[in-house]
Amino acid sequence: MASSLLALSSSNSLLSSATQPRLPLRHRFRCNVVEPLKFHNGKPYFPLLTNDPAFPTFLSPNSHFQSDPNKNDTRLRIFSGTANPALAQEIACYMGLELGKIKIKRFADGEIYVQLQESVRGCDVYLVQPTCPPANENLMELLIMIDACRRASAKNITAVIPYFGYARADRKTQGRESIAAKLVANLITEAGANRVLACDLHSGQSMGYFDIPVDHVYGQPVILDYLASKTICSDDLVVVSPDVGGVARARAFAKKLSDAPLAIVDKRRQGHNVAEVMNLIGDVKGKVAVMVDDMIDTAGTIAKGAALLHQEGAREVYACSTHAVFSPPAIERLSSGLFQEVIITNTIPVLEQNYFPQLTVLSVANLLGETIWRVHDDCSGGFEPYSTLGID
């Protein structure tokens, strides 16, 4: 008899069934924490509309502060930019802390003003700011935040970048092209950052562009936890890489999905954000195909790949991605009926109008929060359930 994916969830018992409806992302909640909280890997992310101090059941105590009566007496500070304040709030809740007070505004001419509203002298400061669209605005805001912390005499400044923009410009594919990923790495370093914490970089070599330590964590455990809760027979699974460049990522994903078989979509790109599917390597007939990629931008690659999988006889197609860039016309392609479910994380905030019935958003707050603790405590990420954190 085929083994079930629930074998995977034996070490990841952090899931509970999600019955809450999706709510608009513009609604936020502030955590006045009485007891420390913990977000669970693989739990779908739903912002809260209520100010009720009773928190949902998927929050549980965090071990870091259980025996510490002076939990607010810490030299660790977390500040959020304007790119993804909801994720920063979740991270702070997981850690049992409050977000630091910071003033960020735009002048009439578009210039950005940043002022810290509390002292960070001698503190270990973490700035949560993905460089998601609008990439240039959010990147410049991050640089100014780093500069403000440096001039305020922070001891260490860590740029927490859940989504690293410009990561795709990591090499020269044609003559006279720029390598923008290296340029952005230099800007962050020169601004005064001492360390970078990034999630699912587009390519591993981007870590080498920084002249400061980089902690690279993966959103893979979050998605794996969620898939483990589904009653899909492991013999029916096949993991699909939407292009040849993502084979290593898909292979690692397949190994943790009960060592599922691997298939590869061979595509020929004719231009930026334009993809053409040519053929399929592997067998998907009668199987549940799980397509794995680091990001979904215009969804051209993954949508054409899904269409090919259906032509080759796949029973169901799931799309899994850490970063939901969702540039037009991604929503139309993803909601066209090709996918049984589109599973993403909240490294990039999803606009309310971009929700569709097949979309599931998982939270990476505890993954990033746990990594921040281990960096702050000079610990390694080498034991379960965080063995893939990538902290040496």
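Gly313 follows helix H6 and has a positive phi, near 100 degrees. The model described here is predicted. Helix H6 itself covers residues 300-311. Its 12 residues reach 17 Å from the first C-alpha to the last, close to the 16 Å expected at 1.5 Å a residue. The buried residues of H6 include Gly300, Thr301, Ile302 and Ala303. Gly305, Ala306, Leu308 and Leu309 complete that list.

Helix H8 spans residues 365-376. Its end C-alpha atoms are 16 Å apart, which agrees with the 16 Å that 12 residues should span at 1.5 Å a residue. In H8, 11 of the 12 residues are buried, so the helix is largely enclosed by the rest of the structure. Among the buried residues are Leu367, Leu368, Ile372, Trp373 and Val375. Asp378 follows H8, and its phi is positive, near 55 degrees.

Two further residues with positive phi lie in loops. Most residues other than glycine have a negative phi. Tyr166 is not a glycine, yet its phi is near 70 degrees. Tyr166 sits in the loop between strand E5 (156-161) and H3. Its relative accessible area is 36%, so Tyr166 is partly exposed. Ser258 is not a glycine either, and its phi is positive at about 55 degrees. The loop that holds Ser258 runs between H5 and strand E9 (262-271). Ser258 counts as partly exposed, at 35% relative accessibility.

Helix H5 (residues 247-256) contains Ala252. This alanine is partly exposed, with a relative accessible area of 33%. Ala252 and Val239 are 13 residues apart along the chain, and their C-alpha atoms are separated by 9.9 Å.

Cis peptide bonds come next. Most peptide bonds are trans. The bond joining Pro133 and Pro134 is cis, with omega about -5 degrees. Pro134 is placed in the loop between strand E4 (124-128) and H2. Another cis bond runs from Pro328 to Pro329, where omega is near 5 degrees. Pro329 lies in the loop between strand E12 (316-324) and helix H7 (330-334).

Helix H2 (residues 135-151) packs with helix H3 (residues 180-191) at an angle of about 25 degrees. The two axes are 8 Å apart. Angles under 35 degrees count as roughly parallel, and H2 is therefore roughly parallel to H3. On the H2 side, the contact involves Leu139, Leu142, Leu143, Ile146, Asp147 and Arg150. These residues meet Val184, Leu187, Ile188 and Ala191 in H3. The contact residues comprise eight nonpolar, two charged and no polar.

Ser206 lies in the loop between strand E6 (195-199) and strand E7 (214-217). Its relative accessibility is 0%, so Ser206 counts as buried. Ser206 touches Ala167, Asp170 and Leu201, not counting residues up to four places away in sequence.

The chain as a whole has eight helices and 14 strands. Buried residues make up 55% of its 392 residues. Of the contacts with a separation of 6 or more, 66% are between residues 24 or more positions apart. The chain exposes about 17500 Å². Carbon and sulfur atoms supply 50% of that area.

Note on methods
Residues numbered from 1 in each chain as written. Predicted model: local features only at pLDDT ≥ 70, side-chain atom pairs only at ≥ 80, totals over all residues. Heavy atoms only, no water. Axes fitted to C-alpha atoms, helices over the stretch in contact; angles between N-to-C directions. Helix = DSSP H or I, 4+ residues; strand = E, 2+ residues; numbered from the N terminus. Parallel < 35°, antiparallel > 145°, perpendicular 65-115°, else oblique. Contact = heavy atoms within 4.5 Å. Nonpolar A, V, L, I, M, F, W, Y, C, P; charged D, E, K, R; others polar. Buried < 20%, exposed > 50% of the residue type's maximum accessible area, 1.4 Å probe, protein only. Areas by Shrake-Rupley, 256 points an atom, 1.4 Å probe, with all protein chains shown as cover. Expected span 1.5 Å × (residues − 1).
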